[in-house]
Amino acid sequence: MQGMHIASSSSNQSRGELKRSLSLSLTTLYGLGNILGAGIYVLVGKVVAHAGVFAPLSFLVASLLACLTAFTYAELSARYPLSAGEAVYVQRGLGIRTVSALVGLLIIFAGMVSAATILRGFTGYLQVFVPVPEFAAILVLAVVLGGLAAWGITESVAVAAFITVLEIVGLLMIIVVAAPDTLSGQDLPPDFSPLLEGGTWFGIFAGGFLAFYAFIGFEDMVNVAEEVREPRRNLPRALLLSLAIASVLYFLVALVAISSVPASLLAGSDAPLADLYQTVTGREPVVITLIGMFAVISGALIQIIMASRVCYGMSRQQWLPALFGRVRARTQTPLLATAVVSTVVLGLALWFPIETLAKATSYFLLLVFSLVNLSLWRLKRGGDQPVDVLRVPAWVPATGFLASFLFVIIQVILDVSS
């Protein structure tokens, strides 16, 4: 369709197939692990710096913005449950092979850059406990995570799911220990009259733009579509369910944070949840810090899995060499793609500063979000309305495109002015 060249089924069989072993629950945990990551453990304070005690509203704003693109992904993942999802979506919607291949490459590079960013961030946590050389820590982690990703999709996602459960436990621990202060309302605003002022909403939306990045990660779920059982039904459900759970957790964490610790302390903290735990309980936040470290590892593992699956999917569409589409019979994973991705992640983590890596990831993903939303809008405008999958109104991808493109413009303005 529209210039897309799909590899023949006989060719597919000769190169092996991915294993459909991910249930709805495992897929949801995979998505949650990608969304939660370590971001929420450090981001609350930055959002509070903009929105003050109205930080929970910033997370609600961010959740609504993320949902626009998430619903677009949900419909497209049900229409085309394939690896290299975004590249396929853009090809079907825009029909420009070069742009489609570029989108796939952007997703691969964004995944590798994100994983490299995570590995560099992890070394900072690790050196608090064990003073090991940065080079050695990054090298060992890249090898171990690459090995896990190559081991098998069920095994690697099971590890990521276990760590995700730990992340959720950490967030629930924060909510529980701070609940008494929240219920007393001692640090909450006495009234909501400031919401009638324009300056307050400017702070809320500024915090919302920042909080949006805590929701990024749902998009990676579509790239394991060929390893999900009943993907047309389970993948959209898992995507929306993981985003809904993350939204509730983020709102509750922000609420207990601003009701338990002075906003000024949160705004100036690089580890706001650790400081919150220490302030409320009077104990050292060792457990929370360790959970944050595990969250970092999970995020890197998921990014390596995702990028290798996009390589595999693009090979199947003949947008990358056939070698990347080869699957090892015993593990049913794309070994070459995984090895190449892990090696590039290692190189990026060793040679580029974390700020450069994080900023590049944001640009790549926002550009992809814009194109994916535009693709679904064009499909709907062309009358392509399948009856057997989840369908969203045309205004959803249209608004998602405008929001994502606006984020790109804001990011450029902020970078130029800084």
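1. Of the contacts in the chain with a separation of 6 or more, what share comes from residues 24 or more positions apart? The share is 83%. The model discussed here is predicted.

2. Overall make-up. The chain holds 16 helices and zero strands. It has 418 residues, of which 55% count as buried.

3. The nonpolar core. The largest nonpolar core contains 122 residues. Phe59, Tyr73, Leu119 and Phe218 have the most contacts inside this core. Helix H6, which spans residues 97–129, gives the most to it, namely 14 residues.

4. Phe59 and its neighbours. Leaving aside residues up to four places away in sequence, Phe59 touches Ile40, Val44 and Val47, and also Ala211, Phe215, Tyr250 and Ala254. Phe59 is also one of the residues with the most contacts inside the largest nonpolar core.

5. Ser63. This residue sits in helix H4, residues 55–79. Is Ser63 buried or exposed? Ser63 is buried, since its relative accessible area is 9% and the cut-off for buried is under 20%. With residues up to four places away in sequence not counted, Ser63 touches Phe215 and Ser247. Phe215 is also among the residues touched by Phe59.

6. H4 against H10. The axes of these two helices come within 9 Å and cross at roughly 175°. H4 is therefore roughly antiparallel to H10, as angles over 145 degrees are counted that way. Sorted by class, the contact of H4 with H10 has 21 nonpolar residues, three polar ones and two charged ones.

7. H7 against H13. Helix H7 covers residues 134–151 and helix H13 covers residues 286–316; their axes come within 9 Å and cross at roughly 55°. That angle makes H7 oblique to H13. The crossing of H7 and H13 is right-handed. On the H7 side the contact is made by Leu141, Leu145, Gly146, Leu148 and Ala149, and on the H13 side by Ile297, Ala300, Leu301, Ile304, Ile305 and Arg309. By class, the contact of H7 with H13 has nine nonpolar residues, one polar and one charged.

8. Helix H5. How many of the residues of helix H5 are buried? The count is 10 of the 10 residues, 85–94, so H5 is largely enclosed by the rest of the structure. The buried residues of H5 include Glu86, Gln91 and Arg92, along with Gly85, Ala87, Val88, Tyr89, Val90, Gly93 and Leu94. Just after H5 comes Gly95, with a positive phi of about 70°.

9. Glu230. This residue has a positive phi of about 45°, although it is not a glycine. Where does Glu230 lie? Glu230 is in the loop between helix H9 (198–211) and helix H10 (231–260).

10. Gln332. Gln332 also is not a glycine, and its phi is positive, at about 55°. It is found in the loop between H13 and helix H14, the latter being residues 335–351. Gln332 is partly exposed, because its relative accessible area is 27% and that class runs between the cut-offs of 20% and 50%.

Note on methods
Residues numbered from 1 in each chain as written. Predicted model: local features only at pLDDT ≥ 70, side-chain atom pairs only at ≥ 80, totals over all residues. Heavy atoms only, no water. Axes fitted to C-alpha atoms, helices over the stretch in contact; angles between N-to-C directions. Helix = DSSP H or I, 4+ residues; strand = E, 2+ residues; numbered from the N terminus. Parallel < 35°, antiparallel > 145°, perpendicular 65-115°, else oblique. Left-handed = near helix turned anticlockwise from the far one by under 90°. Contact = heavy atoms within 4.5 Å. Nonpolar A, V, L, I, M, F, W, Y, C, P; charged D, E, K, R; others polar. Buried < 20%, exposed > 50% of the residue type's maximum accessible area, 1.4 Å probe, protein only. Core = buried A, V, L, I, M, F, W, Y, C linked by side-chain atoms within 4.5 Å.
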